[in-house]
Amino acid sequence: MRLILLGAPGAGKGTQAEVICERLSIPAVSTGNILREAMKNETEMGRKAKAFIDSGALVPDDVIIRIIKERLAQDDCQNGFILDGVPRTVAQAEALEQMDIDIDKVVDIEVPDDTIVKRLSGRRVCASCGASYHTIYKPSAQPDTCDRCGGRLIVRKDDEPSTILERLRVYHEQTEPLVDFYRQRGKLVVVEGQEQVADTTRLLFEKLGV
Ligand code: AP5
């Protein structure tokens with residue numbers, strides 16, 4: 001299964017990718033996670049990406065296309081993968097087609113903007129392993145401590161209120177056109193994001209028939 005997860009920032013792509021990964025035994029490839037790791041390690045790519053990410057803008061297409069080419073060529077992606085947060089522009093989607101990567105389904109997780117703002121404002125992530133929590137919807141067992149590795153939970157810099165609004169604006173302008181792009185190719189599956197994570201997962205598996 002080669003899947004793309006589309007959706008606004010905070011729609012739940014990363015949360016659902018974790019579950020699908022386990023069910024289908026395929027890796028999730030998140031450009032957001034790859035870029036955050038590069039920023040943490042202060043690589044050249046990380047340094048370049050930081051200003052874009054912190055301000056809520058998209059990282060330039062050529063950087064993303066290079067990341068995705070390298071990642072999808074690795075052994076663990078040969079039997080399928082989930083793309084989380086990529087493509088995000090028509091140019092990135094066209095680049096995937098030019099790489100002859102045949103996508104089976106594109107799942108668009110739809111969530112209204114006001115819900116997105118609530119979700120991202122309550123998100124906490126582990127500074128060590130990157131695991132994601134929510135103060136209300138997915139709390140950690142101990143406040144501010146990661147259940148998985150005991151690391152410290154922090155607020156992502158791009159989850160600050162003004163940056164959330166900018167990310168939503170950029171999403172509607174640059175990423176939403178991909179819904180029609182993939183609908184025209186007969187690959188689109190729309191899933192309405194539910195209040196409970198497990199309810200969205202159930203709908204998603206039903207629609208994918210897995
Ligand atoms: P990225 O990390 O991809 O950020 P994003 O798309 O903004 O997605 P998020 O991680 O914010 O949200 P998500 O949909 O995964 O939601 P999550 O499951 O965490 O990218 C970050 C930045 O990197 C971009 O802004 C850009 O600058 C750059 N970048 C990355 N890829 C790029 C690309 N291809 N091109 C150019 N630039 C790129 O859920 C959110 C919260 O809600 C969590 O706290 C969760 O617990 C909670 N939650 C989830 N589901 C539910 C539910 N059903 N009910 C209640 N709460 C829920």
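Predicted model: local features only at pLDDT ≥ 70, side-chain atom pairs only at ≥ 80, totals over all residues.
View 1. A polar backbone atom of valine 59 lies 3.0 Å from a nitrogen atom of the ligand. Threonine 31 places a polar side-chain atom 2.8 Å from a nitrogen atom of the ligand. At arginine 123, an N or O atom of the side chain is 2.6 Å from an oxygen atom of the ligand. On its own the ligand has 1000 Å² of accessible area, of which the protein covers 97%.

**View 2. Residues of the shell around the ligand****.** The ligand has 37 residues around it, and those that come nearest are Thr15, Ala57, Arg88, Arg167 and Glu195. By class, 14 residues of the shell are nonpolar, 13 are polar and 10 are charged.

View 3. The largest share, 4 residues, is supplied by H2.

**View 4. The second largest pocket and its lining****.** The volume of the second largest pocket is about 160 Å³. Its lining consists of Ile34, Met45, Val63, Arg66, Ile67, Glu70, Arg71 and Gln74. Helix H4 (residues 61-72) gives the most to this lining, with 5 residues. Sorted by class, the lining of the second largest pocket has 4 nonpolar, 1 polar and 3 charged residues.

Key
Residues numbered from 1 in each chain as written. Heavy atoms only, no water. Near = heavy atom within 4 Å. Polar contact = N/O pair within 3.5 Å; in protein donor to acceptor, adjacent residues only side chain to side chain. Areas by Shrake-Rupley, 256 points an atom, 1.4 Å probe, with all protein chains shown as cover. Helix = DSSP H or I, 4+ residues; strand = E, 2+ residues; numbered from the N terminus. Nonpolar A, V, L, I, M, F, W, Y, C, P; charged D, E, K, R; others polar. 1 Å grid on protein atoms, 1.4 Å probe; cavity = no way out; pocket = protein on both sides within 12 Å on 5 of 7 lines; lining within 4 Å. Points joined across faces, edges and corners; volume = space filled by probe spheres on them.
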